[in-house]
Amino acid sequence: MITKDMLIGDLVRQYPQAIRTLMNFGMGCVGCPSSQMESLEEASYVHGFDINELLDVLNKQVQEAN
């Protein structure tokens, strides 16, 4: 399960398919050094998107992949 505390770097390494979703939410710099140590919650604040909506999409994506 993906949570708001998960680091973007960990998310991308564990679920590379999440990159497109993150970019669709406005995170054009998924691979930049600062994103590697930034949590999803921090990114939602910085980039101005709803963390709960992102978590719903990401967790559905992971469920469908399994």
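Me: How many salt bridges does a search of the whole structure find?

Reply: The search finds two, a salt bridge being a side-chain nitrogen of Lys or Arg within 4 Å of a carboxyl oxygen of Asp or Glu. This is a predicted model, in which local features need pLDDT of at least 70, side-chain atom pairs count only at pLDDT 80 or more, and totals for chains, interfaces and linings use all residues. Residues are numbered from 1 along each chain as its sequence is written, and side-chain values use heavy atoms, with hydrogens and water left out.

Me: Which residue forms a salt bridge with Lys 4?

Reply: The partner of Lys 4 is Glu 41, and the closest N and O atoms are 3.6 Å apart. Lys 4 lies in the segment before helix 1 and Glu 41 in helix 3, so the pair ties together parts that are 37 residues apart in sequence. Helices here are DSSP runs (H or I, at least four residues), numbered from the N terminus.

Me: And where do Arg 13 and Asp 10 lie?

Reply: Both are in helix 1, three residues apart, which is about one turn of the helix. Arg 13 is exposed, with a relative accessible area of 56%, while Asp 10 is partly exposed at 34%. Buried means under 20% relative accessible area, exposed over 50%, and partly exposed in between (1.4 Å probe, protein chains only).

Me: Changing topic, which residues of helix 3 are buried?

Reply: In helix 3, residues 40-47, the buried ones are Leu 40, Ala 43 and Ser 44. They cover an arc of only 100° around the axis, which puts them on the same side of helix 3; the arc is that of the directions from the helix axis to the C-beta atoms. Tyr 45 and Val 46, on the other side, are exposed.

Me: What covers the buried residues?

Reply: The cover includes helix 1 (8-14), helix 2 (18-24) and helix 4 (51-65), where contact means heavy atoms within 4.5 Å.

Me: At what angle do helix 3 and helix 4 pack?

Reply: The angle is about 125°, and their axes are 9 Å apart. Axes are lines fitted to C-alpha atoms, for helices over the stretch in contact, and angles run from 0 to 180 degrees between N-to-C directions. That makes helix 3 oblique to helix 4, since angles under 35 degrees count as roughly parallel, over 145 as roughly antiparallel, 65 to 115 as roughly perpendicular and the rest as oblique.

Me: What follows helix 3?

Reply: Gly 48 follows helix 3, and its phi is positive, near 75°.

Note on methods: Helices (H or I, at least four residues) and strands (E, at least two) are DSSP runs, numbered from the N terminus.
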